[in-house]
Amino acid sequence: MATLQEQIREVEEEIKKTTYNKATSFHIGRLKAKLAKLHDEVEKKSSSAGTGEGYSVKKSGDATVTLVGFPSVGKSTLLNKLTDANSEVGAYAFTTLTVVPGVMEYKGAIIQILDVPGLVKGAASGRGRGKEVIAVIRNSDLVIFLLDIFQPTHHSVLMDELYEAGIRVDQEPPDVVIKKVDRGGIRINSTVELEFIDEDTIKSIMDEYKIHNAMVLIRENITVDQFIDVVAGNRSYVRSMVVVNKVDLAYPHMLDEYKQKYPEAVFISAHNSQNLEMLREVLYDRLGFIRVYMKPQGEAADLEEPMIVLRGTDIGQICDRLHKDFRRKFRFAYVWGKSAKHPGQRVGLEHKLMDKDIVSIVIQK
């Protein structure tokens with residue numbers, strides 16, 4: 001019987017040799033679903049077999065950022081310059097063999113930065129302790145792709161590895177809801193015109209995942225790959241930024257080429273501390289922090305010391321930050337500000353906040 005890797009290669013070859021058109025879209029959709037399932041099986045098998053001691057890092061602060069890059073691109077040096085960490089630095093591969101956390105305080109925000117072992121090609125399949133590293137990345141709020149200016153192909157390799165591991169960089173979860181039911185087959189409703197996938201392909205993908213009765217609501221013009229991600233249900237969505245290191249050693253034409261390829265990247269020299277203040281500023285902005293002012297019941301709002309949280313934070317997450325029992329004892333909250341329909345709107349745990357909102361939480365006594 002063919003191994004999982006052999007089955008993956010067979011399916012990939014069949015996808016490559018199949019010309020895409022309306023007549024073959026159903027077949028290709030099913031093949032892609034089968035390929036996604038095989039990759040998931042490889043990951044589960046690798047995790048259950050154990051690839052060494054896993055990395056367990058408790059998230060702390062207002063946001064968690066992971067430094068991602070090939071070995072010896074300067075992650076440890078950068079971490080030491082940005083934070084209070086003491087990550088071992090060496091001019092050879094795999095200096096960092098575990099996760100080293102550090103803390104950067106900037107504009108009132110406490111940002112946890114993690115230095116992990118360098119990723120290599122094949123990391124998604126476990127090479128170079130890739131599984132453990134990827135598990136850390138999954139739980140991050142943002143990844144910094146740290147690139148060596150002398151290795152221009154690294155970014156695409158890293159993106160491919162994370163994609164294969166089920167991490168969707170700089171993407172939002174597709175606006176699709178799948179509700180399994182007991183009978184009735186697959187019923188599909190869409191609020192938009194679907195250009196890249198049809199109902200037959202949707203049903204073939206769900207059949208590959210052994211889902212035969214479900215209600216599907218689609219509110220976005222999705223692709224086949226995006227629908228497979230929804231059905232798989234185990235994808236992580238992480239923001240990113242690109243930082244190019246060792247610019248002090250580069251020729252001007254190399255810098256120009258990189259700037260054209262990565263116009264939003266920050267160009268630094270971790271060794272010489274060049275442009276690190278710019279990096280702190282861009283990182284803070286990219287994380288998207290907002291300020292939330294708390295108003296204790298019956299008291300005035302504290303407008304001097306806001307709570308710093310990530311954009312998209314809801315009332316439930318504020319409760320978690322305040323006290324371990326607040327979510328359990330929560331009754332409702334009052335909100336004043338941009339996210340409120342009217343001053344003092346009464347809201348529930350799922351209400352998402354906006355910058356400078358004032359919040360008063362009411363709990364059971």
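In what order do the five strands of the open sheet lie? The model is predicted, with local features requiring pLDDT of at least 70 and side-chain atom pairs pLDDT 80 or more, while totals for chains, interfaces and linings use all residues. Residues are numbered from 1 along each chain as its sequence is written, and side-chain values use heavy atoms, leaving out hydrogens and water.

The order is β12-β11-β15-β13-β14, with mixed pairing; strands (E, at least two residues) and helices (H or I, at least four) are DSSP runs numbered from the N terminus, and two strands pair if DSSP finds at least two bridges between them. Because β12 (307–310) and β14 (345–347) stand at the edges with a single partner strand each, one side of each has no neighbour in the sheet. Within the sheet, β11 (residues 289–294) and β15 (residues 357–363) run parallel and are joined by three bridges, and Val292 stands opposite Asp357 in β15.

Helix α10 (residues 315–322) packs on this sheet, touching β11, β12, β13 (330–336), β14 and β15, where contact means heavy atoms within 4.5 Å. Its buried residues (under 20% relative accessible area, with exposed over 50% and partly exposed in between, for a 1.4 Å probe and protein chains only) are Ile315, Gly316, Ile318 and Cys319. Seen down the axis of α10, these residues fall within an arc of 160 degrees, so they line one face of the helix; the arc is that of the directions from the helix axis to the C-beta atoms. The buried residues of α10 pack against α11 (326–329) as well as β11, β12, β13, β14 and β15.

Terms used: Axes fitted to C-alpha atoms, helices over the stretch in contact; angles between N-to-C directions.
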